[in-house]
Amino acid sequence: MQKVPNKEIKVMNEKEPPRLSHIPLRVDNDMSVGAGVKVEEKSDVLLTLLNPNELERLKSDLPKDQTPLWLYWSDFAGKWLRLGKSRKTLKSIRDALHFILRHTDLKTIESFNSPSRVEDELLRLKEERGMEGSTYNSYRKNINSYFIWLEKQEYIKENKIRKVSKAKERINEQFTPSEAEVKKVISYIYGTGKTALEKTRNTLFILILITTGARLCEMLDLREEDFSLVKKQIVINGRKQKGKPRRYPVSQKITDAYESYEYWKKRCGRAEETKLFVSLSKRSGWTEKGVRNLLRKLRQDLGFRVQC
């Protein structure tokens, strides 16, 4: 480990060694901690950051005398869950770190010592993958959450992710397509080789998304009871704004799409499910991955850039 001048060392007590900027001191020879190998609660996937194959591959490329980014993950995730914090947020942090490990050279805690290097890697990913500013900022925010904890636990002296610049976000990345564009999208959906259940679900999803501008998590949280044919409205229970419900009137086009979708849900034996949007293969509702696949196809084939 690199020696640091005494003036930079923060001594906690006589028994405990100093902890330095982004240089963890409690480093074990076994680099599998937080990597899905030695985790006490093996049943919870959120406690692992890497599977065994990923671990072996990354360990082989790890710079000598540096600390794996994943070393303290199981401690971080375990503490997060014991405090009763959001599993969804924890998954977002996990996904962000996993994404960074897979697609950048930032494999160690020490590699995050340079804010400019981290910023350059995020900007490269943003440009290569066509990320919006909000997506870039989400990655930055989730990585920062992990390093805030490392700093709080005094594994590192200073969290330098705070110095990574945020990207500019458009005031409103959601746009309102024209009637012709909506018809084009619906025609595209019905022209795919999907089942009738999937086609009617995807159509209803897009129409509600355009009307409400709801976030992805809000869309996937919608339940049958949130859609009222009698009142001609849909209720979005917001994740932000203190969770206040937002009510939107529904057009005849949305009503027709809903009735068609409900018909096929009943035909497929899915009418009893509480989630509005169902998955074809799962009973737990449509997944975020499935929605993003749909939006990606619409973007690639039609240039339809609705964000949620």
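Trainee: Where does Asp65 lie?
Mentor: In the loop between helix 1 and helix 2. Helices here are DSSP runs of H or I with at least four residues, strands are E runs of at least two, and both are numbered from the N terminus. One caution: this is a predicted model, so local features need pLDDT of at least 70, side-chain atom pairs need 80 or more, and totals for chains, interfaces and linings use all residues. Numbering starts from 1 along each chain as its sequence is written, and side-chain values use heavy atoms, leaving out hydrogens and water.

Trainee: Is Asp65 buried or exposed?
Mentor: Exposed, because its relative accessible area is 60%. The cut-offs are under 20% for buried and over 50% for exposed, with partly exposed in between (1.4 Å probe, protein chains only). Its phi is positive, about 65°, although Asp65 is not a glycine.

Trainee: And what about the phi of Lys232?
Mentor: Also a positive value, about 55°, and Lys232 is not a glycine. It sits in the loop between strand 1 (227-228) and strand 2 (233-237). Lys232 counts as partly exposed because its relative accessibility is 37%.

Trainee: Zoom out. How many helices and strands are in the protein chain?
Mentor: 10 helices and three strands. The order along the sequence is α-α-α-α-α-α-α-α-β-β-β-α-α. Of the 308 residues, 45% are buried.

Trainee: Which residues touch the most other members in the largest nonpolar core?
Mentor: Trp73, Phe112, Tyr146, Phe147 and Leu150, out of 41 residues. Helix 1 (52-60), helix 2 (73-82), helix 3 (87-103), helix 4 (115-129) and helix 5 (133-152) each supply at least two residues of this core. A separate second core has 35 residues, including Val182, Leu209, Leu220 and Leu298. A core joins buried Ala, Val, Leu, Ile, Met, Phe, Trp, Tyr and Cys through side-chain atoms within 4.5 Å.

Trainee: What does Tyr146 touch?
Mentor: Leu69, Trp70, Tyr72, Trp73, Phe76, Ile93 and Leu97, leaving out residues up to four places away in sequence. Contact means heavy atoms within 4.5 Å.

Trainee: New topic. How do helix 7 and helix 9 cross?
Mentor: At roughly 150°, with the axes of helix 7 (residues 196-212) and helix 9 (residues 252-267) coming within 9 Å. That makes helix 7 roughly antiparallel to helix 9. Axes are lines fitted to C-alpha atoms over the stretch in contact, with angles from 0 to 180 degrees between N-to-C directions; over 145 is roughly antiparallel, under 35 roughly parallel, 65 to 115 roughly perpendicular, and the rest oblique.

Trainee: Which residues of helix 7 meet helix 9?
Mentor: Among them are Leu204, Leu207 and Ile208, while helix 9 brings residues including Tyr261, Trp264 and Lys265.

Trainee: Is Lys265 buried or exposed?
Mentor: Buried, with a relative accessible area of 0%. Lys265 is in helix 9. Beyond residues up to four places away in sequence, it touches Leu197, Glu224, Arg270, Ala271, Glu273, Lys275, Leu276 and Val278.

Trainee: At what angle do helix 6 and helix 7 pack?
Mentor: About 160°, with axes 9 Å apart; helix 6 is residues 179-190. Helix 6 and helix 7 are therefore roughly antiparallel. Val182, Val185, Ile186, Ile189 and Tyr190 form the helix 6 side, and the helix 7 side includes Thr203, Ile206, Leu207 and Ile210.
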